[in-house]
Amino acid sequence: TGDTMGIPLEVMGLTVLAAGTSVPDLITSVLVARRGFGDMAVSSSIGSNIFDITIGLPVPWLLYACVYNGRPVDVNSRGLFCSILMLLAMLVSVIATIATCRWRMNRVLGIIFFTLYVVFMVLSVLLELNTIQCFV
């Protein structure tokens with residue numbers, strides 16, 4: 001549907017598809033947090049992302065390499081290096097924010113996290129669309 005509507009593949013991958021895979025995590029985290037298990041909600045969302053990075057990405061790439069005799073998978077991303085740097089900056093920002101909020105979840109923490117997410121998404125889309133250039 002992205003091609004039909006003229007939405008670039010990069011934007012679809014970074015926004016629509018990424019949000020779609022996160023909705024189940026969001027629903028379960030909200031349900032668990034409402035029952036008073038905030039730690040469980042946070043660990044669920046962090047754990048699912050760690051699973052995606054350590055299993056969800058490498059296993060299909062490993063299978064591809066096995067099927068195609070070790071041929072590497074081409075990753076076409078204009079701003080991959082800058083995206084990795086942004087992710088590291090986000091990690092530091094998240095830890096600093098949690099520490100600033102004294103390791104308690106509250107409205108301010110949620111607003112800051114949402115703002116960090118929007119900033120990351122906007123910068124990632126702009127990098128992929130070549131609207132801004134990666135400095136490296």
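Y68 is partly exposed, at 43% relative accessibility. Here buried means under 20% relative accessible area, exposed over 50%, and partly exposed in between (1.4 Å probe, protein chains only). Y64 is also partly exposed, at 26% relative accessibility. This is a predicted model, in which local features need pLDDT of at least 70, side-chain atom pairs count only at pLDDT 80 or more, and totals for chains, interfaces and linings use all residues. Residues are numbered from 1 along each chain as its sequence is written, and side-chain values use heavy atoms, with hydrogens and water left out.

**The aromatic pair**

The structure holds one aromatic pair. The ring centres of Y64 and Y68 lie 4.6 Å apart and the planes meet at 40°, so the pair is tilted. Rings of Phe, Tyr and Trp (its six-membered ring) pair if their centres lie within 6.5 Å; planes under 30 degrees apart are stacked, over 60 edge-to-face, and the rest tilted.

**Helix α2 against helix α6**

Helix α2 covers residues 9-34 and helix α6 covers residues 107-128. Helices (H or I, at least four residues) are DSSP runs, numbered from the N terminus. The two pack at about 165°, with axes 9 Å apart. That makes α2 roughly antiparallel to α6, a term for angles over 145 degrees. Axes are lines fitted to C-alpha atoms over the stretch in contact, and angles run from 0 to 180 degrees between N-to-C directions.

From α2, the contact uses E10, V11, L14 and T15; from α6, M121, S124, V125 and E128. Contact means heavy atoms within 4.5 Å. These residues divide into four nonpolar, two polar and two charged.

S124 of helix α6 is buried, at 2% relative accessibility. Leaving aside residues up to four places away in sequence, S124 touches L14, S83 and M86.

Elsewhere in helix α2 sits L31. L31 is partly exposed, at 47% relative accessibility. Its C-alpha atom is 8.3 Å from that of A41, ten residues apart along the chain.

Which residue has a positive phi of about 60° although it is not a glycine? That is W103. N69 has a positive phi too, near 55°. N69 lies in the loop between α4 (58-67) and α5 (80-100), and W103 in the loop between α5 and α6.

| Residue | Phi | Relative accessibility |
|---|---|---|
| N69 | near 55° | 76%, exposed |
| W103 | about 60° | 61%, exposed |

Methods: Parallel < 35°, antiparallel > 145°, perpendicular 65-115°, else oblique. Nonpolar A, V, L, I, M, F, W, Y, C, P; charged D, E, K, R; others polar.
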